[in-house]
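Dear colleague,

I am passing on the structure below, and after it I set out what was found there. Please read the notes alongside the coordinates.

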Amino acid sequence: MIPLSWFLILAAALFCIGLYGVLARKNAIGILMGVELMLNAVNINLLAFWRYRTPAETAGPAFVVIVFAVAAAEVAVGLALIISAYRRRNTVIADEIDLLKG
Amino acid sequence: MSIATLIWLIPLPPLLAFGLIALFTHRSKGLSHTLGVGAALLSWLASMLVIWRAVRLPDLGQNPITSAVDWFPTANNWFKIGIQVDPLTVVTLFFVAWTIAMIFIYSVGYHNYGQPVGENDRPGLQPHGATVTDAHGHTHRVPSVEPLYSRFFAFLSLFAFGMYFLVVSDNLLSLYIGWEIMGLCSYLLIGFWYAKESARNAAIKAFITTRVGDMFMLLGIVYLYSVTGTLNYRALFADPQMLARLAQAPSYIPGLSVAGMSGLLLFIGTVGKSAQWPLHVWLPDAMEGPTPVSAMIHAATMVSAGVYLVVRIFPLVSAGWAESGAITPAMSVIGFIGAFTALFAATIALGQNDIKRVLAYSTISQLGYMIAALGVGAYAAAAFHLVTHAFFKALLFLGSGSVIHGMEHGVLHTGEHIDPQDMYNMGGLRKKMPVTFWTFLIGGLALSGFPLVTAGFWSKDAILTGAFQGGHWIAFTALALAALLTAFYTMRQIALTFLGEPRTQAAAHAVESRPSMVLPLVVLAFFAVTLGWLGIPREFPIIGGALPDFFENFLHGMAYAVPEIEAAGSLIPLFTSLVVALGGLYLGWLVYRRVAPGAADPLAAPLGVVYTVIRRKYYFDEAYDFLFVRPSRWLAETFTAAWMDRGVIDGALHAIARAFVWIGGALRRGFDIPVVNRGFESVGQGARLLGGELRQVQTGRVQQYMITALLVALVFGLLFYYFFVLA
């Protein structure tokens, strides 16, 4: 059986990729994708700890399903905002979307 | 109505009249004088009824009519105020009622009631006359009505109230109240023509001079009250035990008993009020007031009140006299001041040319006579002279007012610019003003003591007899000399005014005064003659005993303790009064019967420097000005105002102010600006700097925020790891 640490390392690597994407990408869609990666890294962690530590409980998969739902909703809202911003400003670069800046 | 109630009511009508005139009727001249004269007549009627009832009572002196009510609470009982009518009150009330009533009536005419309003008259100045046009188109200057007519009657009524109140009261405190009311009224009336500076100064002089006396009088009252606990006349003066106690108790001054000391303090009040030397200076200046005021002040009221007071307190000043037979120290002081004033003022009267001023000095002299009589113990004679003098001096003052009035008429008619009061501008008025002349003559003869027919002779004779019988040679000589001078200056006055030929056009055109002025003269002249017959001594040759000596008997009912003096029956005082009266009159006539217009006084050349000194009144005004007026001015202006107030007090305040200004400045420079202001400013600038630095962080770039968050999380993670895992 694959040891638990492998899953954790995978999740950490995935989280770091996502984090890098969030911090380094200029494209708002890229940032959004990074956020999705980080969320999924968390999901892997959750599932791994559930399978190895408390397989009798159902809280782990239930938590992951809720995170999926929230992430889906978040992506829907985020993409809608980006489309709206793009229509108005004709760009998806996060630094240029500064409508709230005084 | 009981007689006591009636006595209570005597002073009220003038007070009511004063209030009504002052508050309601002052716009109507007719209504005001109706109220004033009506009130005076009501009081006169009440007084006459009281006198009529009182003289029929047996032993009124032992059992006077009294009535008292509680006034204010003192430590353990009530201070009572009340009325008392004894023989002294009766005689005083008699002349007060008559003279006041006559003066009120006279004032109506004197202030030209019914005359047109002068076109140039101003309130506070004498009326200057009005121009009228008659049926033929001629214009005349005629006297004009007094602008402040109602005000005059209001003041006069208050004055009358003060005098009536003083006469009927039964204790020294309410006497003092009446006394001060009159003092106020005399100030108001002397300054009645207040737009004249001389009148204002005279009013202030009169008020302050009498105030000096009043202050001592108040001290006397307080002293007496603190020793005895009462101010009631009967308790103080009719109780032999009380008098004996007061006569023996020593006072603060060695050699003077409590009785003598309080008597002397009260007497100083009289010195001020009755214008005795050395406080006599106010009275001649009081001539600035209208003539009825002069009569009121000089004859009927204020100055008589002073003598009345000394007669009243006579038992006090003479306490111990009856036992030892020698006059008390207080009496000798009183006698000295009286005799000195009598002689001193008579000499000044010789050198005065103003008709009213001569009478003023004559009044001072005659009051000195009465005071001297009290000093030698002849208190009945003093009271007698007080009454007769009140009548003939009121007569003379009103007569002089009538003369001045006639002269003013002449001045208005001719347009001459002369002083209508200067006797050297008169002359020959007997033909122009016959009634005034005859009544003035009667008054003048009474004043000089013309033998047998006039009242003044009998009262003066009584005083000289008193001085002679007591063996007071100095007083007797001084008084006889004063009587000689009195007769002399009276004749001088009559001769200059009425005899000879007119010395000015104004005098030639003078006219007799109106009936309302002449009638009082006639009434007063009647009393100036007949009143003397009430006091003819029994020992008098031939006619003595034909009429009962009412006065002496009546007043001796007062039961004042007086040593028995055997009636010497000497004719010396009688001859003296005959000689001085007739001699003085004859000399006066001899010197002054013919004075040419513009001539100097016939006495000026022979008397030389002495005449100048007399004419300048022995320089008393100048001396007082130098001794008292200027030092007090200096004290007020230089010392108090300039040095003390502006220098010391203001200086200290300014110094304190400057010190605080300096402290405030130092605090501001040393603490407020560097510490407080700079401190808070640097706090503000620090915040601004910090904000300036920190705002760099606030880029609005989410990714930078996230990097920051990541770094912070890493740092904290490392810290946690270091502290919680490794440690």
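Helix 2 of chain A (residues 28–53) has 26 residues, which at 1.5 Å a residue should span 38 Å, and its end C-alpha atoms agree with this because they are 37 Å apart; the expected span is 1.5 Å times one less than the number of residues. Helices here are DSSP runs of H or I with at least four residues, strands are runs of E with at least two, and both are numbered from the N terminus.

This is a predicted model, in which local features need pLDDT of at least 70 and side-chain atom pairs count only at pLDDT 80 or more, while totals for chains, interfaces and linings use all residues. Residues are numbered from 1 along each chain as its sequence is written, and chains are lettered from A and ligands numbered from 1 in the order in which they are written.

In helix 2 of chain A, the buried residues are A:Ala28, A:Ile31, A:Leu32, A:Gly34, A:Ala41 and A:Asn43, where buried means that 20 or more other C-beta atoms lie within 10 Å of the residue's own, exposed means 12 or fewer, and partly exposed lies in between, with C-beta atoms placed from the backbone. Their cover includes helix 1 (4–24) and helix 3 (59–89) of chain A.

Helix 2 of chain B (residues 12–25) has 14 residues and reaches 18 Å from its first C-alpha to its last, close to the 20 Å expected. In this helix of chain B, B:Pro13, B:Pro14, B:Ala17, B:Phe18, B:Ile21 and B:Thr25 are buried.

B:Trp78 belongs to strand 2 (residues 78–85) of chain B, and it counts as exposed because it has 12 C-beta neighbours inside 10 Å. Apart from neighbours within four places in sequence, B:Trp78 is in contact (C-beta atoms, placed from the backbone, within 7 Å) with B:Asp70, B:Trp71 and B:Pro73.

Between the chains, six residues of chain A are in contact with six residues of chain B. The chain A side of this divides into three nonpolar, no polar and three charged residues, where Ala, Val, Leu, Ile, Met, Phe, Trp, Tyr, Cys and Pro count as nonpolar, Asp, Glu, Lys and Arg as charged, and the others, Gly among them, as polar.

Best regards

How values were computed
Two residues are in contact if their C-beta atoms, placed from the backbone, lie within 7 Å.
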